[in-house]
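Here is a friendly briefing to read alongside the model. Have the structure open and follow along topic by topic.

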Amino acid sequence: MKNNIVKNIAKELDIAFIDLEPFGFAENDIGLPINEVQRLISVLKDECIPILGGDIIIIEHNELDVTCCGWSCDITKPFSRFVEYSYNKTKQYIDNYIQINKEELDSVYVDIVVFSGSNINV
């Protein structure tokens, strides 16, 4: 249940998402429309929830087309630095993808993995 946090925040923000489990992802993994994901990562930063990484995926006609790229964030100390670093890296990665691919974003989703106490010991 690693992404319950992301799913719950998406629901609170009324961001439509797709369930990624039928595409071979883990239970509770969701795909957020790339144009909406910035709202979610801002809340993660405000709530001091660091991001471990994520994938940018393309789903067309209800089929996984490709997992085109992804990023990961190194765990750093202190925790506050980890939150800031992971937010900045995620935001920059998504902003760069949008800038390069701005004409073709309708089928692009982001799967974000966040840090929780059950992920790793810091």
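Predicted model: local features only at pLDDT ≥ 70, side-chain atom pairs only at ≥ 80, totals over all residues.

**What is buried and what is exposed**

- The buried residues of helix 3 are Phe82, Val83, Ser86, Tyr87, Thr90, Ile94 and Tyr97.
- These residues lie on the same side of helix 3, because they cover an arc of only 125° around the axis.
- As background, an α-helix has 3.6 residues a turn, so residues three or four places apart point the same way.
- On the face turned away from the buried side, helix 3 carries the exposed residues Ser80, Arg81, Gln92, Gln99 and Ile100.

**A closer look at Thr90**

- Thr90 belongs to helix 3, and its relative accessible area is 0%, so Thr90 counts as buried.
- Which residues is Thr90 in contact with, leaving aside its neighbours within four places in sequence? They are Ile41, Ile51, Trp71, Cys73 and Ile112.

- The model has an open sheet of 5 strands in the order 1-2-5-3-4, and the pairing is antiparallel.
- Strand 1 and strand 4 are the edge strands, since each pairs on one side only.
- Strand 1 (residues 18-19) runs antiparallel to strand 2 (residues 30-33), and 2 bridges join them.
- In this pairing, Ile18 has Gly31 of strand 2 as its bridge partner, while Asp19 stands opposite Ile30 in strand 2.
- Strand 2 also pairs with strand 5, in the antiparallel sense and over 2 bridges. Here Pro33 stands opposite Tyr109 in strand 5.
- In general terms, strands of a sheet pair through backbone hydrogen bonds, either parallel or antiparallel.

**Salt bridges**

- How many salt bridges does the structure hold? There are 3 salt bridges.
- Lys45 forms a salt bridge with Glu84, with 3.7 Å between the closest N and O atoms. Lys45 lies in helix 2 and Glu84 in helix 3, so this pair ties together parts that are 39 residues apart in sequence.
- Both ends of that pair are partly exposed: Lys45 has a relative accessible area of 29%, and Glu84 has one of 34%.
- Lys91 and Asp95 form another salt bridge, their closest N and O atoms being 2.9 Å apart. Asp95 and Lys91 are 4 residues apart in helix 3, which means that about one helical turn separates them.
- Asp95 counts as partly exposed at 30% relative accessibility, and Lys91 counts as partly exposed at 29%.
- The side chains of Glu36 and Arg39 also meet in a salt bridge, at 2.5 Å from N to O.
- Glu36 is partly exposed at 28% relative accessibility, and Arg39 is partly exposed at 39%.

**Cysteines**

- How many disulfides are there in the model? The count comes to 0 disulfides.
- Cys73 is in no disulfide, and the nearest cysteine sulfur, that of Cys69, is 14 Å away. The cut-off for a disulfide is a pair of cysteine sulfur atoms within 2.5 Å.
- Is Cys73 buried or exposed? At 7% relative accessibility, Cys73 counts as buried. Cys73 is also one of the residues in contact with Thr90.

**A loop residue: Asn35**

- Asn35 sits in the loop between strand 2 and helix 2, and it counts as exposed at 54% relative accessibility.
- Asn35 touches Ile98 and Leu105, not counting residues up to four places away in sequence.
- Asn35 and Ser107 are 72 residues apart along the chain, and their C-alpha atoms are separated by 10 Å.

Conventions:
Residues numbered from 1 in each chain as written. Heavy atoms only, no water. Buried < 20%, exposed > 50% of the residue type's maximum accessible area, 1.4 Å probe, protein only. Arc of directions from axis to C-beta. Pairing = 2+ DSSP bridges. Salt bridge = Lys/Arg side-chain N within 4 Å of Asp/Glu carboxyl O. Contact = heavy atoms within 4.5 Å.
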